[in-house]
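Hi everyone, thanks for having me. Could you bring the sequence and the model up on the screen, please?

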Amino acid sequence: MKILIVGYFSETSKLNIIRNFPKNWDIVIVPPGKEMLHHIEDCHVLIPEHIKVDSSLLSIAKNLKLVQTGAGFDNVDIKSCTQLGIWAANAAGVNAQAVAEHVMALILSYYKNIPFLDTFMKNRMDESQLDYTGSELKDKTIGIIGLGAVGRKVANFCKVFDMNVLAYARNTVVPSDSFVKMTDFDTLVRTSDIISVHAALNQQTKNLINKSVFEKMNNSVLFVNTARGGIVNEQDLIFALKNGDISGACLDVFESEPLPIDSELRDLANVILTPHTAGMPDGLKFHKKRYDFFVNNIKRVENGNEPESKLNQLL
């Protein structure tokens, strides 16, 4: 069984990943490029990061049985997989706890000024000169866009902090006695103190958050995105941050990944950045629960069964 993993990984993360697979499997981890094209010709399973899995790529993969992704699958052409008789599956919900915890860590870091205070202390500055503003989360209103596995976890965490929870999601129903108040998109945008994105990236959500949406937000709002960078127009976000249309942002995902070295986001004091690691809490680009799911799903396909969380039926 040959497993091809395509993405940008350090040597440490590669070792962590390979250790999680059965020793008799051939695990190949390569960045996008020519080497990837060589290995895809005879691989049985493709785990893609930072590449588009389209019909032209799939046509090369003569032995491919399964395209396995993490939570998101916007980079995979499900229709082409199905037409070619290739299973496509994601790992829905596997990283929900990790991502939701990361969201709360970002929010707390922002309102408690953790990055600033850490730098202040390590620079051995005079504490009599310390000047900053902060805030408690109690009674703040968080607006959650997308109420899937991660969105629901975030909502539950926010309840513990005595926050008000609004949510906007298509085709989602919550019990009448729920602490989550479903609302329309505009109301959520206009009335929330914190806005956190947990929607999938698709044609309906691409650039959903843009200049006109930022202009509707309170200028004190904190914007959080741990879902997909493409849901947000990044240049509009940068303008809003620099122009004071919003107070700040906490970002784990970006339009282009890895985030370009010259991105203006790296220079903004009102932004906290992490490198798309919200769903990988166990070390460098690694989440054991995620790779355990991958291994079990690959074994299912190897034994002639359907994978869990198959995506082919979405057509």
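I'll walk you through a strand, then a surface patch, and then some aromatic rings. Please keep in mind that this is a predicted model.

Let's begin with the strand β6, residues 141–145. Is β6 mostly covered or mostly open? It is mostly covered: 5 of its 5 residues are buried. Here is a handy bit of background: in a regular strand, the side chains alternate between the two faces of the sheet. In β6, one side has Thr141, Gly143 and Ile145, while the other has Ile142 and Ile144. Every one of these residues is buried, and both faces of the strand are covered.

Which strands does β6 pair with? One partner is β7, residues 164–168, joined in the parallel sense over 5 bridges. Look for Gly143, which sits opposite Leu166 of β7. To get from β6 to β7, the chain passes through helix α7, residues 149–160, and this β-α-β crossover is right-handed. The other partner I want to show you is β9, residues 194–197, again parallel, with 4 bridges. There, Ile142 faces Ile194.

Now let's go to the surface. Phe116, Leu130 and Tyr132 make up a nonpolar patch there, and together they have about 270 Å² of accessible area. Leu130 belongs to the loop between α6, residues 114–122, and β6. With a relative accessible area of 33%, Leu130 is partly exposed. Phe116 is partly exposed too, at 39%.

Phe116 also brings us to the rings. How many aromatic pairs does a search of the whole structure find? The search finds 9. In one of them, Phe116 and Phe120 are tilted, at 6.3 Å centre to centre and with 40° between the planes. Why are these two separated by about one helical turn? Because they are 4 residues apart in helix α6.

For another geometry, turn to Phe214 and Phe223, an edge-to-face pair at 5.6 Å centre to centre with 80° between the planes. Both of these residues are buried.

Finally, have a look at Phe21, Trp25, Phe286, Tyr291 and Phe294, which ring pairs link into a cluster.

Methods
Residues numbered from 1 in each chain as written. Predicted model: local features only at pLDDT ≥ 70, side-chain atom pairs only at ≥ 80, totals over all residues. Heavy atoms only, no water. Patch = residues over 30% accessible without salt bridge, like charges linked within 9 Å, V, L, I, M, F, W, Y side chains within 5 Å. Areas by Shrake-Rupley, 256 points an atom, 1.4 Å probe, with all protein chains shown as cover. Salt bridge = Lys/Arg side-chain N within 4 Å of Asp/Glu carboxyl O. Buried < 20%, exposed > 50% of the residue type's maximum accessible area, 1.4 Å probe, protein only. Pairing = 2+ DSSP bridges. Right-handed = clockwise from strand over helix to strand, strands pointing away. Phe/Tyr/Trp six-rings, centres within 6.5 Å; stacked < 30°, edge-to-face > 60°.
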